[in-house]
Amino acid sequence: MAVHASGVGRSGPEGRVRLITKVAHMYHERGIRQADIADALHISQTKVSRLLKRAGEIGIVRTVVVVSQGVHLTLEQALEDRYGLREAVVVDVDGDESEILAGIGSAGAAYLESTLAGGERIGISPWSQTLLSVADRLRPLRVAGADRVVQLVGGVGERTVQAKANRLLGHLAELVGAEPIYVQAPGLVGTAEISQSLVGDAAMRTVTEEWRSLTMALVGIGSVQPSPLLRDSGNALAATDQDKLIAAHAVGDVCQRFFDATGELIHSDLNSRVVGIDPKVFRAIPRRIGMAGGERKHAAIRAAISGGWVNVIITDVATARALLDEPDDF
């Protein structure tokens, strides 16, 4: 707050302007409580409140927002405007992939802590190292922030790696006070017939109904080459499938649904082998939060936000600048 005495004489009689200025100075500059101002000036507290309001109306008090170091509001606004995002969060972090992962994890945890208002039904991608980083940094919410947390893709895989996927879901659900709902199937199977059989199971039908009622999704954004976590899980694409996707100009995926540089879904037999949420159902989720960063994923992130796979992005500053095609001194 800044209190200015000049340029206000036209707003009222000199004595009234002086009183308004004095009250504003005592409250904003000296930090005196309204009740104590009332006692000192022998006026009612209600009048003090009215005078403070008037001080703002006639320009005696002006609010100035000082941006803290490490906060990139200009970059965030530019991303939101350019890509039609609901929200962008830019993290002031650089370094290697592990450092960027940790920074995005911390920012993702802070975002959830500040935006989960209760009653949410959250879908998560199980094979995301970024989401594991978020869960490791999230503090338990004092009041439940969600009712259910649901896997969006099959979470069954190689035993030791599957434990990470289950820990992600169970731990995150515990932290936000929600019920965890698992997809007891692999994320990727060998044939469309196997996928249809699994999805047709009674237990899976319950999960598919849960998918249709989700209010938000938390997902990583992958490149065509699988992450170490996904590769070790046994749910990664075979080399021949990767080659086919590259030939079809795929650049990345969300929940094993691969898309090209414009964000258009790549139509291939792979889609029929995924045991996971349908792309149309996924895109109908109101808040779809993508958490990813690093140079290796620039093309995938650009495509994911261009194609509407996510409408909230949490990423690092270098990636934000790359998405805006801006130099480092933006």
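1. Two strands are said to pair if DSSP finds at least two bridges between them. In this predicted model, strand S4 (residues 120-124) and strand S7 (residues 216-220) pair in the parallel sense over three bridges. Within this pairing, Gly-123 has Ala-217 of S7 as its bridge partner.

2. S4 and S7 belong to an open sheet of seven strands, in the order S3-S12-S11-S7-S4-S5-S6, with parallel pairing. Strand S3 (87-91) and strand S6 (179-181) are the edge strands, each pairing on one side only. From one strand to the next, the twist averages 15°.

3. Helix H9 (residues 202-212) lies across strand S5 (146-151) and S6. The helix runs at about 120° to S5.

4. A further open sheet has three strands in the order S8-S9-S10, and its pairing is antiparallel. Its edge strands are strand S8 (222-223) and strand S10 (257-260). Strand S9 (residues 250-254) is joined to S10 by four bridges; Ala-250 has Asp-260 in S10 as its bridge partner.

5. How do helix H5 (residues 97-115) and helix H6 (residues 129-137) pack, and at what angle? Their axes are 7 Å apart and the angle is about 60°. Angles of 65 to 115 degrees count as roughly perpendicular and those under 35 as roughly parallel; H5 and H6 are therefore oblique to each other. The crossing of H5 past H6 is right-handed.

6. Residues of H5 in this contact include Leu-101, Ile-104, Gly-108 and Leu-112, and those of H6 include Thr-130, Val-134 and Arg-137. By class, the contact has six nonpolar, six polar and two charged residues.

How values were computed. Residues numbered from 1 in each chain as written. Predicted model: local features only at pLDDT ≥ 70, side-chain atom pairs only at ≥ 80, totals over all residues. Heavy atoms only, no water. Axes fitted to C-alpha atoms, helices over the stretch in contact; angles between N-to-C directions. Helix = DSSP H or I, 4+ residues; strand = E, 2+ residues; numbered from the N terminus. Parallel < 35°, antiparallel > 145°, perpendicular 65-115°, else oblique. Left-handed = near helix turned anticlockwise from the far one by under 90°. Contact = heavy atoms within 4.5 Å. Nonpolar A, V, L, I, M, F, W, Y, C, P; charged D, E, K, R; others polar.
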